[in-house]
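Subject: Structure handover

Hello,

Here is the structure for your files. My notes on it follow below.

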Amino acid sequence: MVKTKTSGVVINEISHVVHVDDVPYYMPPTEYRLLGYLMRNKNTLIDRKTLSKHLKINGSDASRAVDSYIARLRKHGIDRIKTITGYGYRFDATAEDKIID
């Protein structure tokens, strides 16, 4: 089983189930991809344009769409995603956090 684990958030890359503090969530594909991208780039500031490209969101409302998906992730209890006003987002992780594959 392949898992990505960071700060109480575990992504099971086989079943596409996300566990937040041991509570399973079945996320839509776009939210799942966004969370995985942020976790793989932990502690790195990522601008909205880069996130919208990764998620393949086009158009003038792409930044607002990213903001909406971030809000949905936060509703699942993923509070490690920090907003950097005027730029983008960062998944704050600690030195003990790892990506397990």
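Asparagine 43 sits in the loop between helix H1 (29-40) and E5. Helices (H or I, at least four residues) and strands (E, at least two) are DSSP runs, numbered from the N terminus. Before the rest, the ground rules. This is a predicted model, where local features need pLDDT of at least 70, side-chain atom pairs count only at pLDDT 80 or more, and totals for chains, interfaces and linings use all residues. Residues are numbered from 1 along each chain as its sequence is written, and side-chain values use heavy atoms, with hydrogens and water left out.

Back to asparagine 43. Its phi is near 60 degrees, a positive value in a residue other than glycine. Asparagine 43 has a relative accessible area of 39%, so it is partly exposed. The classes are buried (under 20% relative accessible area), exposed (over 50%) and partly exposed (in between), with a 1.4 Å probe and protein chains only.

Histidine 16 also has phi near 60 degrees, positive in a residue other than glycine. It lies in the loop between strand E2 (9-12) and strand E3 (17-20). Histidine 16 counts as partly exposed because its relative accessibility is 41%.

**Isoleucine 46**

Isoleucine 46 belongs to strand E5 (residues 46-47). Its relative accessibility is 6%, so isoleucine 46 counts as buried. Leaving aside neighbours within four places in sequence, its contacts (heavy atoms within 4.5 Å) are Tyr37, Leu38, Asn41, Leu51, Tyr87, Gly88 and Tyr89. Phenylalanine 91 is 45 residues from isoleucine 46 in sequence, yet the C-alpha to C-alpha distance is 9.1 Å.

**Core**

A nonpolar core here is a set of buried Ala, Val, Leu, Ile, Met, Phe, Trp, Tyr and Cys residues joined through side-chain atoms within 4.5 Å. The largest one holds 24 residues. Val18, Leu34, Leu35, Leu38, Ile78, Ile81 and Phe91 touch the most other members. E2, E3, H1, helix H3 (62-75) and strand E7 (88-91) each give two or more residues to this core.

**Whole chain**

The protein chain has 3 helices and 7 strands. Along the sequence the pattern is β-β-β-β-α-β-α-α-β-β. Of its 101 residues, 39% are buried. Among contacts with a separation of 6 or more, 51% join residues 24 or more positions apart. The chain exposes about 6,000 Å², and carbon and sulfur atoms supply 50% of that area. Accessible areas come from the Shrake-Rupley method with a 1.4 Å probe; for residues, only the protein chains shown count as cover.

Best regards
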